[in-house]
Amino acid sequence: MTRDPVTTRDPVVPRTPVRARAVHLGPRSALTLALVSAVGVAAFGWPFLAPPTSLVGAHAQDAPWLFAGLLVLLVAVVAAALAESGLGPKAVAMLGVLAATGAALRPIGAGTAGIEPMFFLMVLSGRVLGPGFGFVLGNVTMFASALLTGGVGPWMPFQMLAMGWFTMGAGLLPVPVRARGRTEVRLLAAYGFFAAFAYGTAMNMAGWPFLGALASDIAFDPHAGVPANLARFVAYCLATSVGWDLGRAVVTVVLTLTLGPALLRALRRATRRAAFEAQVTFEAPER
């Protein structure tokens, strides 16, 4: 008669999730984010949504101050996400470090077309730490950089929302966790390239309606239809920002391809050590 080998087990067995998230988007915070995003789309795209006979065009110069109220909604999203996720001190510390780093990187390219290294940091951080953390990080980073550079104004809520979308999008990329290496870095570089143009286009939409008589040929005309204003907007982008957006996109791609692998490993190592959402459970020893 043979006896089964005796197996020994540790009395305490910790279990941790496979992929931690520093900020978990629960139902309440996800709904709030969706509502804020819907308001944000309206705030950015109202020139193409309001008909020529609408009264909105008559208050085009007042709109930036009205839409600045988005800042209150953004703060509410951040507060809801933090409260629902039970953000711990380690996640707060990482959020502070990454936001401070991004805010410090932004002034490096001030006055130089497209040299904005903060964007590649936002892409990699959003990819590793998830869409919830990415949205919060984008908002906090842009707010901190505005305070650092003195760029506080009615445009700041638009910048915060656009950067939140930019960083969150990297966390929503449909690449499996195991698909890492060159494939992931190339995907992030491609995302950074197109998202850099999307960010620039969104910010153009935020400022374009308020040119007034400064540039009549390419300014928003509240009495014109959508096709005419779309042609004016394209001309405005080509004349004012396409070079800057291209520089931002190229710098993001170059930094992602060169520094991305090392930074991804560092961020993932820090995430594993922090174990943001790890809830340790205990199994009773077998008797």
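Asp-245 and Arg-248 form a salt bridge (a side-chain nitrogen of Lys or Arg within 4 Å of a carboxyl oxygen of Asp or Glu), with their closest N and O atoms 2.8 Å apart. This is a predicted model, in which local features need pLDDT of at least 70, side-chain atom pairs count only at pLDDT 80 or more, and totals for chains, interfaces and linings use all residues. Residues are numbered from 1 along each chain as its sequence is written, and side-chain values use heavy atoms, with hydrogens and water left out.

**Salt bridges**

- The whole structure holds 4 salt bridges, and Glu-116, Asp-245 and Arg-248 are linked in a network of them.
- Arg-127 forms a salt bridge with Glu-184, with the closest N and O atoms 2.7 Å apart.

**Burial of the charged residues**

- Buried means under 20% relative accessible area, exposed over 50%, and partly exposed in between (1.4 Å probe, protein chains only).
- Glu-116 is buried at 10%, as are Arg-248 at 5% and Asp-245 at 5%.
- Arg-127 is buried at 2%, and Glu-184 is buried at 1%.

**Aromatic pairs**

- Rings of Phe, Tyr and Trp (its six-membered ring) pair if their centres lie within 6.5 Å, with planes under 30 degrees apart counted as stacked, over 60 as edge-to-face and the rest as tilted; the count comes to 11 aromatic pairs.
- The rings of Phe-44 and Trp-165 have centres 5.7 Å apart and planes at 45°, so this pair is tilted.
- Phe-44 is buried at 4%, whereas Trp-165 is partly exposed at 23%.
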